[in-house]
Amino acid sequence: MSAAMRPSGRAVSRLADDWVERVRAASDVVEVIGQTVQLKRVGRNWTGLCPFHNEKTPSFSVNPDRQFYHCFGCKAGGDVFRFVQETEKVEFLEAVELLSRRAGIPIPERRPGERAVRAPLLEALDQARARGARVSGGPRP
Ligand SMILES: [Zn+2]
């Protein structure tokens, strides 16, 4: 049963989905946008000068309830990930990674190349666990 030894693709993408949602929950759109755009509270929303086009009067609006931004001038809009993608010129996953690091959330392994870096650590943890189990008797399953 070699198939059982490999993690299923579904389990991995489920992990990634959970991670994206955790990062989204930890990344307030007003806070993240407020780091690059000077926002002013107007009623329930926040407004500022749009970072995506030149303007002198603010038509850029951030909605904290919907965690969404929108520009009435150039029609730019989206969620917190979209904003980072547009301002940092990165792919979706890179945007999530940036916000993940910012929020202090561990980034799950996704590229085969990263395996080489992380595997020795995981192996060391396994060995430590095995050693601990031998010494103390360990928690029984
Ligand atoms: Zn705009």
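Strand 1 and strand 2 pair in the antiparallel sense, and three bridges join them. The model I am presenting is a predicted one. Within this pair, V42 stands opposite N45 of strand 2. The two strands form a hairpin, with two residues between them.

Two facing positions can be found by eye in the structure. G48 stands opposite F60 in strand 3, and W46 stands opposite V62 in strand 3.

Strands of a sheet pair through backbone hydrogen bonds, and the pairing is either parallel or antiparallel.

How many strands form the open sheet, and in what order do they stand? There are five, in the order 1-2-3-4-5, with antiparallel pairing. The edges are held by strand 1, residues 40–42, and strand 5, residues 77–78. Each of these has a single partner strand, so one side of each is left without a neighbour in the sheet.

I turn now to the chain as a whole. The protein chain contains five helices and five strands. Read from the N terminus, its elements run α-α-β-β-β-β-β-α-α-α. The chain has 141 residues, of which 16% count as buried. Among the contacts with a separation of 6 or more, 34% are between residues 24 or more positions apart.

In general, nonpolar side chains in soluble globular proteins tend to be buried together. Here, the largest nonpolar core has 19 residues, and I33, V80 and L99 touch the most other members. At least two residues of this core come from each of helix 2 (29–34), strand 3, strand 4 (68–71), helix 3 (80–88) and helix 4 (92–103). Helix 3 gives the most, with four residues. As for L99, setting aside residues up to four places away in sequence, this residue touches V23, S27, V32, V80 and V84.

Which residues of helix 3 are buried? They are V80, F81, F83 and V84. Why do these residues lie on the same side of helix 3? They cover an arc of only 160° around the axis, which puts them on the same side of the helix. Just after helix 3, K89 takes a positive phi of about 55°.

Q67 is in the loop between strand 3 and strand 4, and its phi is near 55°, a positive value in a residue other than glycine. K75 lies in the loop between strand 4 and strand 5. The phi of K75 is near 70°, again positive in a residue other than glycine.

Is K75 buried or exposed? K75 counts as exposed because it has 9 C-beta neighbours inside 10 Å, and the cut-off for exposed is 12 or fewer. Q67 has 16 such neighbours inside 10 Å and therefore counts as partly exposed.

W19 lies in helix 1, residues 9–26. W19 is partly exposed, with 18 other C-beta atoms within 10 Å. From C-alpha to C-alpha, W19 and I105 are 8.3 Å apart in space, although 86 residues apart in sequence.

E109 counts as partly exposed because 16 C-beta neighbours lie inside 10 Å. E109 and L15 are 94 residues apart in sequence, and their C-alpha atoms are 9.7 Å apart in space.

Conventions:
Residues are numbered from 1 along each chain as its sequence is written. This is a predicted model: local features need pLDDT of at least 70, side-chain atom pairs count only at pLDDT 80 or more; totals for chains, interfaces and linings use all residues. A residue is buried if 20 or more other C-beta atoms lie within 10 Å of its own, exposed if 12 or fewer, and partly exposed in between; C-beta atoms are placed from the backbone. Two strands pair if DSSP finds at least two bridges between them. A nonpolar core is a set of buried Ala, Val, Leu, Ile, Met, Phe, Trp, Tyr and Cys residues joined through C-beta atoms within 7 Å. Two residues are in contact if their C-beta atoms, placed from the backbone, lie within 7 Å. The arc is that of the directions from the helix axis to the C-beta atoms.
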